[in-house]
Amino acid sequence: FSSRRRHTRYWRDWSSDVCSSDLETQFRIENNGPVYGSFSVVYDEWRPGQQRHYHLKEEPAIWNGPYAYENTVKFKDLTGDERLLIGLPKVQTEKIPVQMKVNNWMVLYTYDKQTYNKEFNLGLALLVPWDLFDGWEKAPADVSVNATYLVKLKVNNIYPVTYYAVAGWELSDPAFKTEKDFSAYLRAMTATLDAKLNISIRKAN
C-alpha cells in the first residue's frame with residue numbers, strides 16, 4: 001500500500017518532479033513459490049534535481065502467513081544529507097499515526113474505517129528500524145502523494161534499509177477486529193522479527 005514514489009525525492013526539494021526522463025528501471029522476479037515470493041526493481045540514474053542522481057535497488061518480498069511485506073532498499077551515489085521517505089496512506093482517515101517503540105523497531109500505524117467505502121476497520125502500519133528513524137511528517141498539499149504520512153529514515157551508501165509494511169483488515173482475521181488487537185499483532189510481529197535462532201549441526205552416527 002505504500003506509494004512506489006516514496007524513494008525518489010531529495011527530501012529538502014519537494015518542487016522537483018519524481019519522473020525523470022533519465023530514469024531506467026529494471027524489473028526481475030527473484031523467487032516465485034507458494035510460500036515465499038520476491039522481486040527486485042533497479043532504478044538507474046534517477047534525477048530528482050539538477051545536481052543529484054541516484055541508483056536505487058528495491059527488493060520487496062512476501063511470504064505465506066504474515067499480513068505484511070518486507071522491503072529492502074539499497075543505495076548508491078548518496079551525498080550524505082538525504083532521507084528515505086516511506087509512505088503510510090491516509091486516504092480514508094485524518095487520524096495521526098500512533099507511534100510506539102518496540103524492541104529494535106519504531107512502529108507507526110493508523111486504525112480506522114479505511115476501506116473503500118469506509119465500512120470496515122483497517123489497520124495500516126510501518127515497522128522501521130529504530131536507529132534509522134528520523135521522524136515523520138505529512139506530505140505537502142501540492143504534491144501528488146499528498147494523502148500520505150511520510151516516515152523519514154537515515155540512509156547511506158553502505159548499509160541497506162529493511163522495513164515492513166502491514167495491513168490488517170477486520171474481515172480477514174479476528175486479530176484485527178479492534179485497534180487494541182491490531183496493536184498487539186504489531187508488537188508480536190516485532191518480537192518475531194527480533195527472535196534469535198540457535199542452529200547447531202551434529203554429525204550423524
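Modeller: Happy to. Let me begin with Lys177, which is partly exposed because its relative accessible area is 46%. This is a predicted model, and in it Lys177 forms a salt bridge with Glu170, with 3.4 Å between the closest N and O atoms. Glu170 has a relative accessibility of 11%, so it counts as buried. The cut-off at work here is simple: a residue is buried under 20% relative accessible area and exposed over 50%, with partly exposed in between.

Lys152 sits in strand E10 and Glu137 in strand E9 (residues 133-138), so to speak two distant parts of the chain, 15 residues apart, that the pair links. Lys152 counts as buried because its relative accessibility is 11%, while Glu137, with a relative accessible area of 25%, is partly exposed.

Now to a pair with a different setting. Glu82 forms a salt bridge with Arg52, and the closest N and O atoms are 2.8 Å apart. Glu82 lies in the loop between E4 and E5 and Arg52 in strand E3, so this bridge ties together parts that are 30 residues apart in sequence. Both Glu82 and Arg52 are buried. Asp81 joins them too: Arg52, Asp81 and Glu82 are linked in a network of salt bridges. In total, the structure holds nine salt bridges.

To place these pairs, let us step back to the whole chain. It contains one helix and eleven strands, and read from the N terminus the order is β-β-β-β-β-β-β-β-β-β-β-α. Of the 205 residues, 44% count as buried. Among contacts in the chain with a separation of 6 or more, 56% are between residues 24 or more positions apart. The chain exposes about 11800 Å², and carbon and sulfur atoms supply 51% of that area.

The nonpolar side of the picture comes next. The largest nonpolar core has 26 residues, and Phe75, Leu84, Leu126 and Val128 are those with the most contacts inside it. At least two residues of this core come from each of several strands, including E3 (52-63), E4 (68-76), E5 (83-89), E10 (148-154) and E11. Strand E8 gives the most to this core, with four residues. Another core, of 16 residues, lies apart from it and has Tyr111, Leu127, Val166 and Phe182 among its members.

One last stop is Ala167, which has its place in strand E11 (residues 161-169). Its relative accessibility is 31%, so Ala167 counts as partly exposed. Thr110 is 57 residues away from Ala167 along the chain, yet their C-alpha atoms are separated by 9.9 Å.

Notes:
Residues are numbered from 1 along each chain as its sequence is written. This is a predicted model: local features need pLDDT of at least 70, side-chain atom pairs count only at pLDDT 80 or more; totals for chains, interfaces and linings use all residues. Side-chain values use heavy atoms; hydrogens and water are left out. Buried means under 20% relative accessible area, exposed over 50%, partly exposed in between (1.4 Å probe, protein chains only). A nonpolar core is a set of buried Ala, Val, Leu, Ile, Met, Phe, Trp, Tyr and Cys residues joined through side-chain atoms within 4.5 Å. Contact means heavy atoms within 4.5 Å. Accessible areas come from the Shrake-Rupley method with a 1.4 Å probe; for residues, only the protein chains shown count as cover. A salt bridge is a side-chain nitrogen of Lys or Arg within 4 Å of a carboxyl oxygen of Asp or Glu.
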